Amino acid sequence: MTVGEEKRAYGNPWGEDEELASIFKHTGEELCFDHHHLPCVCWLSSSVRLPEVFWKIPLAAGTPVYGRFWERRTVVLVGSSINERDQMLFISTDEGSSFQRQPVAFTPDTLMFHPKDEDKLLAYCREGRLFASTDLGHKWTLLQDRVTKDRVYWSVAGVDVDPDLVHMEIQDSSGGYLYVTCLIQNCSDKMVTAQFLGKIDRSSLLVQDDYIFVKVTSGSRTKHFVSYRRNEFVQMRFPKYSLPKDVQIVSTDENQVFLALQEWYQSDTYNLYQSDPPGVYYSMVLENVRSTKQPEENVLIDILEVRQETRDRRQETGDRRQGTGDRGQETGDRGQGTGDGWMDGWMDGWMDGWMSGWVRGIKGVFLANQKMDGKVRTLITYNKGRDWTPLAPPPADMNGKPVACRAPDCHLHLHLRWADNPYVSGTVHTKDSAPGLIMGAGNLGSKLVEYKEEMYMSSDCGRSWRQVFEEEHHILYLDHGGVIVAIKDTSIPLKILKFSIDEGRSWTVHNFTSTSVFVDGLLSEPGDETLVMTVFGHISYRSDWELVKVDFRQSFPQTCTESDYESWQLTDMQGETCIMGQQRSFRKRKDAAFCVKGRSFTSALSSRPCPCTEKDFTCDYGFERSRTEGESCLPDFWYHLDSPPEDCHLGQTYETSTGYRKMVSNMCEGRESKQQSSRQHNCPLLPPRGLQVGIKGQMLTVAPGDDITFMVHQEQGDTSSTKYQVELGDGVRAIYQNLTVTDEPIQHRYENPACTGDGEGDVRGDRNEASPQVRTGHHVHPGHR
């Protein structure tokens with residue numbers, strides 16, 4: 001097989017301007033890095049599809065880099081901190097051919113691009129100020145000056161009404177934190193809207209897809225709240241015995257929340273839960289998932305999802321998690337809906353924050369490392385956590401010699417961690433367009449062994465495995481997995497790489513350079529169909545960077561036809577083909593076919609629904625799987641079957657669960673659903689509880705003479721028979737009834753300028769059974785109207 005010769009990169013069309021920072025190009029190839037004590041360097045491809053030459057651009061060490069690429073034109077924004085007085089942005093609208101210098105009167109720490117409008121930007125400063133620009137960084141307006149870092153989110157398309165809405169967490173004058181929203185055109189205190197009744201914990205706001213999460217700590221008790229599709233916030237319901245000390249959101253796609261919860265007694269493990277569609281009620285799917293504490297309070301949890309993407313998960317359509325400005329975030333799961341995060345998704349495969357990686361391929365399939373009795377073992381599920389099974393060991397090693405590893409005492413275990421270096425892969429490798437292919441580093445035995453990283457590969461989504469290397473390698477998929485490139489993970493210089501065109505069954509060695517280099521990363525051209533990659537590194541610790549292009553295109557002279565493919569059917573560890581309510585088959589290139597799959601290749605072949613069975617249902621909130629009765633879901637000891645929900649009001653009805661809930665995204669059909677045989681009950685008369693008071697419109701500041709309307713919300717109890725005693729803080733007292741069923745409950749006007757300042761109002765709800773009280777605060781500003 002012929003592989004294209006090496007090509008090195010030299011040149012600098014921009015001269016020796018040390019202020020110029022890295023440039024990202026929409027369809028070219030680019031990388032930027034800081035090499036020990038040397039100045040930072042950026043390499044930019046000079047060709048859209050054939051990166052024959054890279055241009056070298058020097059820049060000052062520590063220069064922040066931000067880029068955004070649009071279909072209509074390339075937009076590049078570069079921030080450079082020359083010194084504290086002379087802050088400068090470099091703006092290019094011609095794919096980096098020229099730059100316009102733009103001075104700014106603040107020190108930008110992070111930048112955030114609008115997901116749709118290329119001219120709109122947010123800039124966050126370290127001191128907490130948030131600025132907005134509507135003309136691509138030429139003019140800036142201060143939005144708020146006490147904003148929490150990494151807690152700013154653009155609006156989510158399809159959920160938020162106004163695309164110019166900004167979600168943020170701010171600190172108020174009393175030192176507490178609020179979740180507020182505003183439009184970038186006017187974000188003054190009078191135009192800011194508080195979206196949650198009361199104060200929230202610092203750094204607890206998370207806006208992600210259809211969901212918004214906050215938490216509130218009072219004394220030693222913490223409550224977690226969720227808003228689904230911008231509806232009213234509701235307290236998240238975990239098992240009654242649960243006393244969480246930390247909650248991490250895992251994913252929020254497919255109308256379901258996956259989260260990891262750490263109980264008060266856990267130190268290095270979390271329990272994994274999944275919710276109903278609104279994200280309110282949670283049932284445990286796996287306990288004691290291993291976790292690792294990272295710097296800056298980040299937590300890595302050993303769970304990875306194998307999924308087939310049905311949409312581009314770049315920021316244009318909604319990433320999973322907001323980044324922190326120093327790495328790309330295409331895969332996102334980890335937080336914001338359609339916002340751009342602090343840096344756009346230019347690097348495929350990085351997942352920031354709580355989770356150790358994001359493995360792609362087929363939805364509903366997860367890998368997790370569970371720690372029990374001091375041992376860590378790897379488990380796999382094909383039905384979103386309902387059933388978990390250890391990984392089957394391969395029958396032979398990479399040399400064909402039988403291995404002495406047999407279940408149930410010996411299994412395959414994988415390290416589920418992501419690389420610290422954003423330019424190399426982690427320990428598990430998959431690709432959206434290559435479903436079924438999983439490559440991971442681990443070991444055989446009764447438990448996972450640290451620093452033992454043999455490489456194993458599966459072509460059938462984890463059902464069977466084979467060993468491919470004795471040591472860990474960096475992996476890069478080309479042409480939808482048709483070519484797999486591997487370079488040894490080592491601290492010594494290299495000149496060879498290995499590649500496979502038959503899903504790792506055989507490997508060819510290729511000298512990619514005549515001089516050994518310390519390999520720092522691998523990069524492929526944009527597009528799953530590409531057959532061109534770049535290896536970059538350095539010859540010595542004081543040398544310039546070396547970039548080597550490797551081109552596999554001449555090895556595949558023709559495009560694949562239908563006769564070059566074969567099909568395979570998704571099957572779980574028990575041999576079941578009806579998974580998540582459907583049978584799914586995929587196609588892959590035959591091992592003997594020497595052809596390129598190309599841009600038009602699609603892996604999904606067919607799917608058809610299956611009749612519903614017990615395996616399509618999981619246990620509902622308050623129920624757990626019986627350890628002796630097979631598929632039966634029995635009530636937990638703390639759960640009372642006929643207890644009404646807390647939001648059950650007199651005159652309404654509620655239904656009790658049968659204990660079963662059809663799994664979200666399950667496609668099975670037919671057969672009467674177990675969850676449809678629930679019983680209806682009338683809501684009883686309950687004592688009042690959970691009284692909350694807010695301000696209509698949630699204004700943070702009012703002027704003397706302005707009308708202000710207080711809203712009263714009650715979580716439990718009959719509102720028609722509850723009397724509310726109100727003290728408004730300026731001597732006005734009153735008693736109201738039926739407040740929560742009127743449109744304008746308590747309207748008041750603060751006329752006396754002597755009352756200006758931070759005002760407080762008390763509301764007390766009285767009935768024989770209880771007498772809850774709540775206090776709300778507001779600021780009366782003495783300024784002119």
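1. Disulfide count. In this predicted model, the number of disulfides comes to 6. The pairs discussed below are Cys560 with Cys595, Cys578 with Cys610, and Cys619 with Cys633. As a reminder, a disulfide is a covalent bond between the sulfur atoms of two cysteines.

2. Cys560 and Cys595. The sulfur atoms of this pair lie 2.0 Å apart, and the two residues form a disulfide. The bond connects distant parts of the chain, with the partners 35 residues apart. Cys560 sits in the loop between strand 40 (545–551) and strand 41 (565–569). Cys595 is placed in the loop between strand 42 (582–589) and strand 43 (604–609). The S-S torsion of Cys560 and Cys595 is about 95°, so this disulfide is right-handed.

3. Burial of Cys560 and Cys595. Cys560 has a relative accessibility of 11% and therefore counts as buried, the cut-off for that class being under 20%. Cys595 has a value of 1% and is likewise classed as buried.

4. Cys578 and Cys610. Here the sulfur atoms are 2.1 Å apart, and the two cysteines form a disulfide. Distant parts of the chain are again linked, this time across 32 residues. Cys578 belongs to the loop between strand 41 and strand 42, while Cys610 belongs to the loop between strand 43 and strand 44 (617–619). The torsion about the S-S bond of Cys578 and Cys610 is about -90°, so the link is left-handed.

5. Cys619 and Cys633. A disulfide joins these residues, with an S to S distance of 2.1 Å. The bond is left-handed, with -85° about the S-S bond. Cys619 is in strand 44 and Cys633 is in strand 46 (residues 633–635), so the pair ties together parts that are 14 residues apart in sequence. Cys619 is buried, with a relative accessible area of 6%. Cys633 is buried as well, at 7%.

6. Cys125 and Cys461. Cys125 has a relative accessible area of 0% and is buried. Cys461 is also buried, with a relative accessible area of 0%.

7. Cis peptide bond. Where does the chain hold a cis peptide bond? The bond joins Ala407 and Pro408, with omega about 10°. Pro408 is located in the loop between strand 28 (389–390) and strand 29 (411–414).

8. Positive phi at Asp209. Although Asp209 is not a glycine, its phi is positive, at about 55°. Asp209 falls in the loop between strand 16 (206–208) and strand 17 (211–218). The residue Asp209 has a relative accessible area of 9%, so it is buried.

9. Positive phi at Asn255. Asn255 is not a glycine either, and its phi is positive at about 55°. The loop holding Asn255 runs between strand 20 (244–251) and strand 21 (258–263). Is Asn255 buried or partly exposed? Its relative accessibility of 37% makes Asn255 partly exposed, a class that lies between the 20% and 50% cut-offs.

Definitions and conventions: Residues numbered from 1 in each chain as written. Predicted model: local features only at pLDDT ≥ 70, side-chain atom pairs only at ≥ 80, totals over all residues. Heavy atoms only, no water. Helix = DSSP H or I, 4+ residues; strand = E, 2+ residues; numbered from the N terminus. Buried < 20%, exposed > 50% of the residue type's maximum accessible area, 1.4 Å probe, protein only. Disulfide = S-S within 2.5 Å.
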